[in-house]
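Reader: I am new to reading models like this one. Please take me through one part closely, step by step.

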Amino acid sequence: MKAGLTQVEAVEFFPFELRTLQAYEAGDSSPVLEDARIMAKVYHCRIDELVGDETT
């Protein structure tokens, strides 16, 4: 939501399917490093923000 994209819009930028994005966002699955890197670029954030690393 912060990026102003719906899941359907966002997944167009990713090399994976909508159900994978939904699993990532629900916390049912964790992205591989390359997916996380692409997601951080699209969402204009750091990888640690995507995975919820509160230590930094």
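Is Leu-5 buried, partly exposed or exposed, going by its relative accessibility?

Author: Leu-5 counts as partly exposed, at 26% relative accessibility. The cut-offs are these: buried is under 20% relative accessible area, exposed is over 50%, and partly exposed is in between, with a 1.4 Å probe and protein chains only. A word on the model: it is predicted, so local features need pLDDT of at least 70 and side-chain atom pairs count only at pLDDT 80 or more, while totals for chains, interfaces and linings use all residues. Residues are numbered from 1 along each chain as its sequence is written, and side-chain values use heavy atoms, with hydrogens and water left out.

Now the place. Leu-5 sits in the segment before helix 1 (7–10). Helices here are DSSP runs of H or I with at least four residues, numbered from the N terminus. Leaving out residues up to four places away in sequence, Leu-5 touches Ala-10, Phe-13 and Val-42. Touching, or contact, means heavy atoms within 4.5 Å.

Next, look across to Tyr-43. Leu-5 and Tyr-43 are 38 residues apart in sequence, yet 8.8 Å apart in space, C-alpha to C-alpha. Met-1 is in the segment before helix 1 too. Met-1 and Tyr-43 are 42 residues apart in sequence and 9.1 Å apart in space, C-alpha to C-alpha. Met-1 is exposed, at 93% relative accessibility.

Tyr-43 leads on to a helix pair. Helix 2 (residues 18–26) and helix 3 (residues 33–43) pack at an angle of about 85°, with axes 13 Å apart. That makes helix 2 roughly perpendicular to helix 3, a label for angles of 65 to 115 degrees. The axes are lines fitted to C-alpha atoms over the stretch in contact, and angles run from 0 to 180 degrees between N-to-C directions. Helix 2 gives Leu-21, Tyr-24 and Glu-25 to the contact, and helix 3 gives Asp-35, Met-39 and Tyr-43.

Take Asp-35. It is buried and has no salt bridge, meaning a side-chain nitrogen of Lys or Arg within 4 Å of a carboxyl oxygen of Asp or Glu. The nearest side chain of opposite charge is Arg-37, 8.6 Å away. Beyond its neighbours within four places in sequence, Asp-35 is in contact with Pro-15, Phe-16 and Tyr-24.

Last, His-44. This residue lies in the loop between helix 3 and helix 4 (47–50). Most residues other than glycine have a negative phi. His-44 has a positive phi of about 55°. His-44 is exposed, with a relative accessible area of 71%.

Technical notes. Helices (H or I, at least four residues) and strands (E, at least two) are DSSP runs, numbered from the N terminus. Angles under 35 degrees count as roughly parallel, over 145 as roughly antiparallel, 65 to 115 as roughly perpendicular and the rest as oblique. Lys and Arg count as positive and Asp and Glu as negative; His and the chain ends are not counted.
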